[in-house]
Amino acid sequence: EGGQALLEVELLAYITKLSENDPYLTELDLGHNQLGDSTEMTGALVTALRANFSLTRLNLSYNKIGDAFAADLAGALRVNSTLTTLSLVGNEITHRGENNLRNAWGARDGFLSA
């Protein structure tokens, strides 16, 4: 799973583009950025995903994400039906978090790897 550590200002720029529904932002690789579980950055990301309808692929691999963020992300997935590929490989999500995400993912076409 690719990914390159970004500066906080770069992460915020991508999240802003997500929240503004930038039609050119259809894929986003935020892998290896140590986002953690409950930070201002992850909160902003979840809020942006709830409102976004252009992003189809999102990589959040290797970010030290756990069940708290997985629960928030599951809430966003229930609203956002545009996302078709989501990678969460190498995080700290337990079976409970994975089940929460899979239930939110539902029967949509696409690929969820947790």
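**Figure 1. Secondary structure and overall dimensions of the chain.** The chain contains four helices and four strands, where helices (H or I, at least four residues) and strands (E, at least two) are DSSP runs numbered from the N terminus. Their order along the sequence is α-β-α-β-α-β-α-β. The radius of gyration is 13 Å, close to the 13 Å that the globule rule gives for 114 residues, so the chain is as compact as a globular protein of that length. This radius is taken over C-alpha atoms, and the globule rule is 2.2 Å times the number of residues to the power 0.38. Along its principal axes, the C-alpha trace spans about 30 × 25 × 25 Å. The model is predicted: local features need pLDDT of at least 70, side-chain atom pairs count only at pLDDT 80 or more, and totals for chains, interfaces and linings use all residues. Residues are numbered from 1 along each chain as its sequence is written, and side-chain values use heavy atoms, with hydrogens and water left out.

Figure 2. Of the 114 residues, 46% count as buried; buried means under 20% relative accessible area, exposed over 50%, and partly exposed in between (1.4 Å probe, protein chains only). Among contacts (heavy atoms within 4.5 Å) with a separation of 6 or more, 80% come from residues 24 or more positions apart. The accessible surface comes to about 5,900 Å², of which carbon and sulfur atoms contribute 50%; areas come from the Shrake-Rupley method with a 1.4 Å probe. There are 8 positive and 14 negative side chains, and the centres of the two sets lie 7 Å apart. Lys and Arg count as positive and Asp and Glu as negative, while His and the chain ends are not counted. Each charge is placed at NZ of Lys, CZ of Arg, CG of Asp or CD of Glu.

**Figure 3. Polar contacts of Ser-61.** Ser-61 belongs to the loop between β2 (57–59) and α3 (67–79). With a relative accessibility of 0%, Ser-61 counts as buried. Its side chain makes a polar contact with the side chain of Ser-87 at 2.8 Å, and the side chain of Ser-61 also reaches the backbone nitrogen of Val-89 at 3.4 Å. A polar contact is a pair of N or O atoms within 3.5 Å; within protein, one must be able to donate a hydrogen and the other to accept it, and residues adjacent in sequence count only if both atoms are side-chain atoms.

Figure 4. Tyr-62 and Lys-64 both lie in the loop between β2 and α3. Phi of Tyr-62 is near 55°, and that of Lys-64 is near 60°; each is a positive value in a residue other than glycine. Tyr-62 is partly exposed at 35% relative accessibility, as is Lys-64 with a relative accessible area of 48%.

**Figure 5. Surroundings of Gly-36.** The loop between β1 and α2 (40–51) holds Gly-36, which counts as buried at 13% relative accessibility. The C-alpha atoms of Gly-36 and Lys-64 are separated by 4.8 Å, although these residues are 28 residues apart along the chain. Not counting residues up to four places away in sequence, Gly-36 touches Thr-42, Asn-63, Lys-64, Ile-65 and Phe-69.

**Figure 6. Surroundings of Asn-21.** Asn-21 is located in the loop between α1 (8–19) and β1 (27–29). Its relative accessibility of 16% places Asn-21 among the buried residues. Apart from neighbours within four places in sequence, Asn-21 is in contact with Ala-51, Asn-52, Phe-53 and Ser-54.
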